[in-house]
Amino acid sequence: MKFSLFSNRLLIKLCLSFLSILFFAAIGYILITAYLTNNHYYETTQRLHANLAQHLIDEKFSNQSPFDAEGNVNKELFGDIMHDMMAVNRAIEVYLLDETGHVAYSVVLDHDGTDTQARKIDLDPIQRFIGEQGSAFILGDDPKNPENQKIFSAASFEKNGKKGFIYIVLAGEDYLSTRASLIDGYFFRLGLRGVALTLIFAAVLGILSVWYLTKNLREIIFATKRFQEGDLQYRIQDAEKMDLAILAKTYNEMADTIVSDIEKIKSLELHRRELIANISHDLRTPLSIIQGYVETLRIKRKDLTDQEREEYLTTVNNGCERLARLIAQLFEYSKLEANQIEPVREPFLITELANDIHRNYKVIAAQHNIELQLEMNPKTPLVFGDISLVERAIQNLMDNAIKFTPDGGTVGIKIIPMKDHVEIMISDTGPGIQKEHQSLIFERYRQTKTGQVKEGAGLGLAIVKKIMELHNASIKVLSNPSKGTIFSFELPIYQLS
């Protein structure tokens, strides 16, 4: 079982958010529906009864006028007509307006004891309604509540030299109060049922949708959990085809990086142990020799000849020098690895440096019956680098070459100027390096360039590699077993700005 929906806080939040959005959307939908339905009803009612006022004039006032000869309202006639109409259709309210828009007479206002002359109706909506013959949806003033707007039917007349308007409110107060009590209950029931059904449907749909849409996310979480529990090889399959492809591929890459780092740490720990073992061996051997000869000198100092004493002291001195070199190498490599050495680059003649190294190693090579060669062009241009670090790199390569070159062999230094750099090559006629070891000889803690004979802590070539890295260069090796080895690196030619 990967993950339970309700045990994942993110999924719960997504579901609740989805339901909340749908809930408010449902409320908004009901309100908008109520508003549009109401307007649609009013517009339908107004169009259906648009000719009601004109019909009243044509039927009731064709031969008589709502005003008497003196210009007063014929309340008896007009009142009877109003009563009849409002009795048949209680939704309407009938008003008689004079030509200025004041209410001349109304049974509704008359019953309420309202001063009809104090009520004035805006004639602009009435004129537009009559001009468009009731085809447009227009709201007019409510005589009972001047601040309200209502649907109406209107028509103008002129009788006995008196002008006026029949103004009929199509949704009167009694109608609206009755309708409001009914429609509120209707929309309450509609809203309650609509919201309930919407929430039930949305809950099911939302949970299924969230579950489906977060499928890839759950897979990534599951993979992370597997990795946390120790399954370092578990990866997300077909990560590039997922909806969250970037996240899935990032997880896979992160897992690969972590596994690689773990392997590197394990390898580093293994090499560290090898280094400690090698250093312990290298330190123990000369120390044992020194201790043995010193003990012999102390015990047999009176019995030893001068020649034997000199040999013992020479052996002790050689052991001390070996210890000093090993300690110096360790100190130098640790500083290089910790980036505590900053190269001081400057232009210098590589040919002069090669001459000095050739001269210094000539005596050492002669002691081992090794021929030391130097090949270079005297016109080699200046190179740019740290002269002391470059010298140290060449010395390490020379030490390595002389160490593994047998008596009668040859060690060579070759300087080759190129277009924009100078190549420095150190060659020997030693046993060479097997191909499977060539990629390993520059790694720290490797003991020899052959990988077979345990000679020293193996830091000489590692130091060379670090020096080359400080110069943004690389050290290369070309070797065949029993045919010797060539180490080479390049330095940039100094360009005058």
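My entries below go from aromatic pairs to strands, core, surface and salt bridges.

**Entry 1: ground rules.** I am working with a predicted model, so I read every value here as computed from it.

**Entry 2: aromatic rings.** I began with the rings, and I noted two things for each pair. A pair of aromatic rings is described by the distance of the centres and the angle of the planes. I counted six aromatic pairs.

I looked at tyrosine 293 and tyrosine 312 to begin with. Their ring centres are 4.9 Å apart and their planes stand at 75°. Planes over 60 degrees apart count as edge-to-face, so this pair is edge-to-face. I then checked where the two residues sit. Tyrosine 293 is in helix H8 (residues 245-299) and tyrosine 312 is in helix H9 (residues 306-337), so the pair ties together parts that are 19 residues apart in sequence.

My next stop was phenylalanine 384 with tyrosine 494. Here the ring centres are 5.7 Å apart and the planes are at 25°, so I logged the pair as stacked. Phenylalanine 384 belongs to strand S8 (residues 383-385), while tyrosine 494 is in the segment after strand S12 (485-492), so the contact ties together parts that are 110 residues apart in sequence.

**Entry 3: strands around S10.** Which strands pair with S10? I traced S9 (residues 410-417), which pairs with S10 in the antiparallel sense over seven bridges. S12 pairs with S10 too, in the antiparallel sense over eight bridges. S9 and S10 form a hairpin with three residues between them.

For orientation on screen, I picked out some partners. Glycine 412 has serine 427 in S10 as its bridge partner. Methionine 425 stands opposite serine 488 in S12. I then asked how much of S10 is covered: seven of the eight residues in S10 (residues 421-428) are buried.

**Entry 4: on to S11 and S12.** I followed S12 to its pairing with strand S11 (residues 476-479), where four bridges join the two antiparallel strands. Lysine 476 has serine 488 in S12 as its bridge partner. S11 and S12 form a hairpin with five residues between the strands, and in this hairpin serine 482 takes a positive phi near 70°.

**Entry 5: the nonpolar core.** How many residues does the largest nonpolar core have? I found 43, and those with the most contacts inside this core are Ile350, Ile394, Met398 and Phe489. I listed the elements that give two or more residues to the core: H9, helix H10 (350-367), helix H11 (387-404), S9, S10, helix H13 (460-470) and S12. H11 brings the largest share, eight residues.

**Entry 6: a nonpolar patch on the surface.** Phe23, Phe24, Ile27 and Leu31 make a nonpolar surface patch of about 400 Å². Phenylalanine 24 is exposed, with a relative accessible area of 59%.

**Entry 7: salt bridges.** I counted eight salt bridges in the structure, and I wrote up three of them.

- Glutamate 43 and arginine 47 meet through their side chains at 3.4 Å, N to O. They are four residues apart in helix H1, so about one helical turn separates them. Glutamate 43 is partly exposed, with a relative accessible area of 28%.
- Arginine 298 and glutamate 295 have their closest N and O atoms 2.6 Å apart. Both lie in helix H8, three residues apart, about one turn of the helix. I logged glutamate 295 as partly exposed at 35% relative accessibility.
- Lysine 414 and glutamate 375 have their closest N and O atoms 3.9 Å apart. Lysine 414 lies in strand S9 and glutamate 375 in strand S7 (residues 371-376), so this pair ties together parts that are 39 residues apart in sequence. Lysine 414 is partly exposed at 31%, and glutamate 375 is partly exposed at 48%.

Methods
Residues are numbered from 1 along each chain as its sequence is written. This is a predicted model: local features need pLDDT of at least 70, side-chain atom pairs count only at pLDDT 80 or more; totals for chains, interfaces and linings use all residues. Side-chain values use heavy atoms; hydrogens and water are left out. Rings of Phe, Tyr and Trp (its six-membered ring) pair if their centres lie within 6.5 Å; planes under 30 degrees apart count as stacked, over 60 as edge-to-face and the rest as tilted. Buried means under 20% relative accessible area, exposed over 50%, partly exposed in between (1.4 Å probe, protein chains only). Two strands pair if DSSP finds at least two bridges between them. Patches are made of residues with over 30% relative accessible area and no salt bridge: like charges are joined within 9 Å, nonpolar side chains (Val, Leu, Ile, Met, Phe, Trp, Tyr) within 5 Å. Accessible areas come from the Shrake-Rupley method with a 1.4 Å probe; for residues, only the protein chains shown count as cover. A salt bridge is a side-chain nitrogen of Lys or Arg within 4 Å of a carboxyl oxygen of Asp or Glu. A nonpolar core is a set of buried Ala, Val, Leu, Ile, Met, Phe, Trp, Tyr and Cys residues joined through side-chain atoms within 4.5 Å.
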